[in-house]
Amino acid sequence: MKRKVLSVLLSMTMLAGAAVGCGSAGTQSAADQLEAEGVTQIPAAQEETKEETTQAPSESAAQEEAQGIDLSDQVDLVFYVMGDAPQDEEMVEGAINEKLLEKCNATIDMQFSTWTDFQQKYANEITAQSADLIYIANWLNYGQLASSGAFEELDDMLDSVAPDLKALVGDANLNMCRVGGKIYAIPNTWPEYVCNGVKYREDLRAKYNLPVPDSLENLEAYLLGIQENEPNQGLLTVTTEESQGLKTGFDAAWALNFKYPWVANNGLDYGLAANYDSPADVYDYWYSDDFVDDMKLMKKWADLGFWSKSALSDTNNSDAYKNGLCVAEVAGQNPNKQITAIADFENAGEGWESGYVAYGETNGIIYPGHATQNGTAIVRGCKNPERALLVLQTLLCDDEVNALMQYGIKGTHYDVADGIYKNIQEEAGETPTFPYEGFNTWNLRNGDTKLPQRTDVALQEMFDKYAVLGEKTKFPNVNIYDGFSENYDTYSAERSAVSNVMRQYLAPLEAGLVDDVDAAVEEFRSKMKEAGIDKCREEYTKQWQAYCEEYSYK
Amino acid sequence: MSKDMDYEPTVQKTIKKSTGTKVFEAIAYTLLVLGSIICVLPFIIIVSGSFTDNTTILVKGYSLLPRDFTFSAYQTIFRSPKDILQAYKMTFYYTIVGTGLGLMMITLTGYVISRKEFKHRNTVSFLIYFTSIFGGGMIPWYLMYANVLNLKGSTIPIWFPALMSPFLVILMRTFIVGAVPDAITESAKIDGAGHFTIFFRIVLPVLKPGLATVGLFLALGYWNDWYRSSMFSTNSSTWQLQFYLYDLLNATTAMKQMASNVSMKTAELPTESVKLAMAVVATGPVLLFYPFVQRFFVSGITVGAVKG
């Protein structure tokens with residue numbers, strides 16, 4: 001008998017072994033099954049139950065906020081956001097849930113993607129439908145995900161459940177979140193200018209009485225002046241790092257933005273361009289005479305020694321400016337980076353000063369970030385979409401809850417002095433357990449109540465300046481380009497061929513590391529034709545024009 | 001082993017080295033020394049960099065000996081040692097549980113499919129082997145643990161999926177077939193031993209090199225894994241050490257990249273020297289541990305190969 005029991009045990013171990021060994025095969029069939037059943041029936045993971053039921057909701061408060069939906073059952077929601085969790089996650093969550101139980105009879109559990117593999121995990125999260133509320137952004141393919149049905153439509157619900165939220169965000173912003181005519185996301189309401197520009201050393205400029213580098217000529221004069229006075233000083237640390245897309249191949253080429261009032265920095269993809277005032281009129285840049293002139297300028301700069309001869313193979317040193325290895329940066333420099341540079345120079349204590357000129361100040365085209373840059377959506381399959389929207393409304397519109405969410409607990413984590421946010425632990429020299437926007441909820445920034453940090457004062461001054469400039473454009477303060485998402489399924493082969501040609505031929509051209517510019521341009525152009533640029537351009541233009549049509553950017 | 005030791009000196013004494021041998025040895029030693037230097041240098045640079053001031057690294061580059069000696073990187077890491085110690089603890093936990101259970105399951109499975117009296121052993125072997133060629137892919141795997149078994153956030157999906165691998169099962173089976181002749185088990189059977197007695201008292205004692213090999217594979221796999229934490233952890237207190245460190249680096253890159261799109265804080269990111277110090281902290285225990293097991297490791301592989 002004993003022997004039989006033992007052999008049964010033994011074979012069970014073996015079976016278990018087979019099960020683990022065949023793990024992936026097993027999941028395959030399970031997944032098929034799921035698909036057949038309709039994935040919506042997967043139960044949402046509810047791991048936050050530990051916080052529930054301790055607080056009985058106050059009936060009257062719940063009634064007040066109810067606005068026609070049934071709040072009698074408590075709902076536990078999962079809110080998926082990017083990045084890492086703050087140390088005091090549970091403490092702040094507890095405080096928020098206390099309020100949410102009172103106001104919407106709901107709790108939230110924040111879940112974090114971490115920064116490892118976050119694109120993949122974000123996609124998994126949407127496939128698994130285990131979250132209810134989720135952070136969205138254009139860099140997380142909001143447009144594509146929305147059109148493939150990843151999120152709940154919010155149009156009707158906004159009117160019935162969250163009119164306050166709708167009023168706060170405003171139609172203009174909501175319209176930018178439309179995909180195929182439907183709203184799928186609620187943007188944050190803080191207008192943020194993420195324009196690009198040139199960061200330069202104001203102290204050196206003043207010392208040698210050089211012009212402010214606010215145009216190609218002045219940038220050249222500024223760099224030449226420093227070269228003359230301090231021959232050993234590095235000028236530009238430029239690589240191919242900030243130019244990995246389909247627009248430019250080398251960082252120094254960003255400076256050309258001074259010259260062109262394009263709808264986006266560096267123009268459109270595939271060497272196309274369109275002016276901001278007439279976005280639907282797409283024209284050609286790479287095959288134009290302007291391009292040849294620009295490349296000759298780049299060669300001139302390279303010959304003058306503005307950057308290293310090995311610039312093409314150098315790895316990006318993002319701390320070069322901070323450590324005084326270069327005197328200007330031209331690629332990927334937004335106002336926020338200027339603010340960081342000011343703080344860095346202050347800490348370094350060498351008497352350095354950082355100055356900043358946005359390209360838009362010279363070419364006249366400046367606009368805040370697109371609404372889909374930071375937003376919140378409700379994942380399709382969410383069991384209580386209405387409650388989720390109500391919670392979202394509370395998180396954004398209720399000042400008390402919003403402050404908890406963004407800054408933590410007042411008195412423990414932060415304090416406000418003269419209307420400015422102050423992190424208590426940071427001031428005391430400790431590592432903050434809940435830093436500013438500790439949940440990484442950039443999507444819950446409320447423009448009306450957002451507490452500025454000390455550095456934000458200077459940032460806001462820059463924004464105010466840009467807002468005035470932005471008012472004067474044809475589409476006042478509207479970011480046209482960033483709402484567009486290209487669908488390249490039908491020409492992905494040509495697209496990657498084009499990208500390769502850019503690495504191989506455009507980058508050295510833009511880095512001025514060719515002997516004969518005209519010949520190199522010709523070679524680049526013919527290689528582009530071979531790679532199939534025409535097909536890419538044709539499809540891209542079609543999609544882009546349809547996009548301009550849809551949102552009436554004419 | 002000891003037999004070889006006895007022979008060697010006598011061989012060396014009787015045969016005088018020819019010039020050819022001497023040249024060969026000179027070349028071989030030079031190459032080997034060069035090879036070891038190539039292997040050791042990066043590690044020395046890592047250690048030296050971790051003791052160097054961060055600005056010095058950026059301005060002057062890496063060096064063999066630290067230029068501006070400082071402990072600041074280690075101070076940064078151990079300023080709040082709670083997180084890193086927790087990650088250490090969890091990694092030890094996963095490694096011990098995973099290796100222990102994994103060894104048990106792999107050995108038992110390997111034994112069963114090595115027994116001739118088990119009729120369907122080839123079918124079962126094939127089924128196990130089959131999964132190493134065709135897999136369902138990452139997403140079904142993820143959905144299985146996250147949605148069907150609802151284990152996301154617990155520690156189980158971090159150690160469970162790696163308990164067995166077809167490669168290790170086959171390795172163990174081959175090893176058992178080679179190390180335990182049928183005659184022995186047969187005679188034990190005649191003496192009245194059951195499967196369990198045969199396994200524990202006859203098979204297991206001769207499996208030591210095999211156990212060491214498979215155990216080391218498993219343990220190294222667990223020690224170096226970060227992916228399952230990345231997929232299934234919802235709380236940093238369950239993170240593996242490697243994921244803790246990897247994520248710190250990823251956070252730096254991601255945030256720098258993001259900073260060109262969004263206003264966000266980029267301060268407080270690990271500096272070069274901190275990254276290097278982390279590498280030292282992460283690899284330290286393995287470096288200490290490896291030489292002791294390596295003996296078994298090498299003999300295990302060769303024994304398995306020769307006899308299998």
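The paragraphs below move from the overall fold to single residues.

This is a predicted model, so local features need pLDDT of at least 70 and side-chain atom pairs count only at pLDDT 80 or more, while totals for chains, interfaces and linings use all residues. Residues are numbered from 1 along each chain as its sequence is written, and chains are lettered from A and ligands numbered from 1 in the order in which they are written.

Start with chain A. Its secondary structure comes to 21 helices and 14 strands. Helices (H or I, at least four residues) and strands (E, at least two) are DSSP runs, numbered from the N terminus. Chain A has 554 residues, and 47% of them are buried. A residue is buried if 20 or more other C-beta atoms lie within 10 Å of its own, exposed if 12 or fewer, and partly exposed in between; C-beta atoms are placed from the backbone. Now consider contacts, meaning pairs of residues whose C-beta atoms, placed from the backbone, lie within 7 Å. Among contacts in chain A between residues at least 6 apart in sequence, 74% join residues at least 24 apart.

Next comes the sheet. Five strands of chain A form an open sheet, in the order E2-E1-E3-E12-E6, with mixed pairing. Two strands pair if DSSP finds at least two bridges between them. Strands E2 (106-112) and E6 (185-187) of chain A are at the edges. Each has a single partner strand, so one side of each lacks a neighbour in the sheet. From one strand to the next, the twist averages 25 degrees. Inside the sheet, E3 (residues 133-136) and E12 (residues 375-378) of chain A run antiparallel and are joined by four bridges. A:Ile134 has A:Ala377 in E12(A) as its bridge partner.

A nonpolar core is a set of buried Ala, Val, Leu, Ile, Met, Phe, Trp, Tyr and Cys residues joined through C-beta atoms within 7 Å. The largest such core has 83 residues, and A:Leu236, A:Ala252 and A:Val498 have the most contacts inside it. H19(A) gives the largest share of this core, seven residues. Beyond its neighbours within four places in sequence, A:Leu236 touches several residues, including A:Ala252, A:Phe306 and A:Trp307. A second, separate core has 62 residues, among them A:Val75 and A:Met405.

Now turn to H19 (residues 492-510) of chain A and its partner H20 (residues 517-531) of chain A. Their axes come within 9 Å and cross at roughly 175 degrees. Axes are lines fitted to C-alpha atoms, for helices over the stretch in contact, and angles run from 0 to 180 degrees between N-to-C directions. H19(A) and H20(A) are therefore roughly antiparallel, a label for angles over 145 degrees. A:Val498 and A:Leu509 are among the H19(A) residues that meet H20(A), where A:Phe524 and A:Met528 are among those met.

Finally, two asparagines have a positive phi. A:Asn266 has phi near 70 degrees; A:Asn266 sits in the loop between H11 (216-229) and E8 (272-273) of chain A. Is A:Asn266 buried or exposed? A:Asn266 is buried, with 22 other C-beta atoms within 10 Å. A:Asn477 has phi of about 55 degrees and is partly exposed, with 18 such atoms within 10 Å.

Conventions:
Angles under 35 degrees count as roughly parallel, over 145 as roughly antiparallel, 65 to 115 as roughly perpendicular and the rest as oblique. Two residues are in contact if their C-beta atoms, placed from the backbone, lie within 7 Å.
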